[in-house]
Amino acid sequence: MNPKLTESDHADLKESLRRCSPATLAAAIRFREKGDLDALPIVVFGIIERYQPATAPVRLSAAADSMRLIEDLGLDSLTLLEIVMAIEESLKLRIENHELREIRTLRQLEDFLQAKITGEKIAAHGRHYSREQLTLILPQQPPFLFLDYVELDGDTVKGRYTIRGDEFFLEGHFKNNPVFPASIVFEALGQTACLWVLEQAPTRLAKPINSNQVFFASLDGAHFYRKATPGESLNFELSLLKLRDPLAVFAGTVTCAGGEVARIERLVLAFGDQLREEETSDAAEIARPRQIQATLPVVSRNGHH
Amino acid sequence: MQIPSRAIPHSELKRVVITGLGFITSIGNGRNEVLRSLRECRTGVELFPEFAHQDIPVKLAGTIKEFHFPTPYFEDWTHPAEYQLTREQMRPMAPNSLYAWCAMRQAVESAGLTPAQISESGLMAASGGSMWLAHDNLQTMLTRGVKRCQPMGIINSIPGSLHINLAANFKIKGPTLGFSSACSSSAHAVGAAFDLIRLGRQKIVFAVGAEDCNKISILPFASVRALSVQTDPNLSPCAFDLKRDGFVGTGGAAVLVLEELEHAQRRDATICAEVIGWAQTSDGYNVLAPDPEGDGLRRAMEAALADAGIAREEVDYINAHAPSTPSGDASEICAIKRTFAGGHKPNVSSTKSLTGHGLSLAGAMETAFCCLALQEKFTPVSAHISELDPICEGVPIVTKPIADFPRILLNNSSGFGGTNVCLALRSWENGR
């Protein structure tokens, strides 16, 4: 049980929540004194609303969970910083820079705070991405997005896709006999790996990676064991083998109803702003198994070997 | 000391004119209001509520009307409704940069510049920064912790805050500089803008001066007894008067658009005045006090005349620095007497007696006033003189409105440490 707030705590809280609605202040007091988790979204929304520019394209009250803070709600990165400071001060939390970088949507912000306060480690449970969230992060978009859900946890990333049956290519693959193509199964595994690169590599390498800067480089030891048909769910699982700018190397498996569908020994993605066409094909060359067992050549950011 | 001659022949330099003005000043927030105040001798000085406390010996300030800064949070500030700024624009601003943003808007409009022309321009700006916001930011850091500092806590308070804000807001892509030479800062900015165009490096350069107007920007001068303790705004400031007892602080912003003559003519711009020369010197004497003989300012005036290629006899008017401090005014009178030692003496007045002393803003503000005097054909009056200081004998101080108006004038500025600037301007009539 948290002690009752003192008069000076009240004054500080009022100062941190300047220009927020009285309901926001009341919720913050409820949270601080009683640990009421239901008050949390009220405080967070109240703070965001106070900083949202009047000209924003979407009002917060009409915003969905998947709304992106910057692109949809019209907040700039500095406003986000102001919001974080107000949240830190009013809820007595500390949000680290690297944590802040990973928050893109309203839902992520709420999840993050909830986990932070309840002490559940987000990392231990992994981070979850709905299909809507994935469309905000991945360059692949419907009808060529083959993921419904992704869970990211350290060096491991798991994805899931349920075959609808109305995918455009099933009409001819095969006529009157819809079978999910092996090439698309590998593509979906690649999309899962792409999410890992976009979400994890920037933090680990301390450099930004844009979604249009991730490229398929090579695939080695690819095996396909069993076909999958409409109604079935494919489960993808990848483990990072190596991350070294500008390459990420994964091993992956695909399962369906407990049975193995496919396996890849080495899936290599290349990323970065300086990679040109020929360099990505170089990277594919480099990534051949017998060469990769030697040291990976380091490609510096300006593209010189 | 020898007066340096013009390094580059006159014929090789571009001619420079002023094609736009902007004012947020104690005597008006726009050209028309300022003009009326200057012509009708209306003071911008009043009892300043921020000085109401009984322990504060100073009571007057040249207040900026229609702007209010009740707290350091920009969201609590108010300004005239005609100026629309977004949160993102306001967040890195201090009062000085907000005033200047508004004055820039006027200047851009009066000069009729397109966004592309603004982008090609340069910006020479002068401000002392916002000691008020700096104080608040540091107070927050020291009492509430480093992580509680405002993200914009540096950008909104350092002296460079002015040109940082203006260059980003107006998408200015030419040279951008801040000047810090105490009370001659923005006169230096005008001179630097003039040189950039004269040398053919820029077609258009904005010269800007701006200062906060609050107790933190003004009251520190009380510690050197530089501020007037008079309580009647109709008696002080009173430059050249025997009873002058110090300056009255003010803030605000002034913007001048300096433009190459041919460029201005090609686009059919309205020309307010021509800048014909300038000079800068230092007293090399004392950190606070001016040289009692006014030697540094005399050299500045003589060098400006040489730079402009005009004779002493051609000067009709001097807009004196004259802050209404006992030593400052005396030193300047001495400098004027020595510069104009022959028969001819130009009319002299201090417009600070109406506005108060704008510190870094003063030089640009008074150059802009001079443009109005040249364009509108009047001689600004030196207000509040009931008993002229006898040291002024022989110098025609303009104590009352006169019919005479200037064609060529000098504008003096001096600052702590003995920095002196003299700018020479000529009226623009019928294409010359």
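Mentor: Start with A206(A). With 9 C-beta neighbours inside 10 Å, A206(A) counts as exposed. The cut-offs: a residue is buried if 20 or more other C-beta atoms lie within 10 Å of its own, exposed if 12 or fewer, and partly exposed in between, with C-beta atoms placed from the backbone. A206(A) is not a glycine, yet has a positive phi of about 50°. Most residues other than glycine have a negative phi, and most peptide bonds are trans. The residue A206(A) sits in the loop between α9 and β4 (214-224) of chain A. Helices (H or I, at least four residues) and strands (E, at least two) are DSSP runs, numbered from the N terminus.

This is a predicted model: local features need pLDDT of at least 70, side-chain atom pairs count only at pLDDT 80 or more, and totals for chains, interfaces and linings use all residues. Residues are numbered from 1 along each chain as its sequence is written, while chains are lettered from A and ligands numbered from 1 in the order in which they are written.

Chain B has a positive phi too, at E66(B), about 70° and again not a glycine. E66(B) has 13 C-beta neighbours inside 10 Å, so it counts as partly exposed. Its loop runs between β3 (60-62) and α2 (87-90) of chain B.

Now the cis peptide bonds. One joins P142(A) to P143(A), with omega about 10°. P143(A) is in the loop between α8 (131-137) and β2 (149-153) of chain A. Another links H173(A) and F174(A), with omega about 0°. F174(A) belongs to the loop between β3 (156-162) and α9 (182-205) of chain A.
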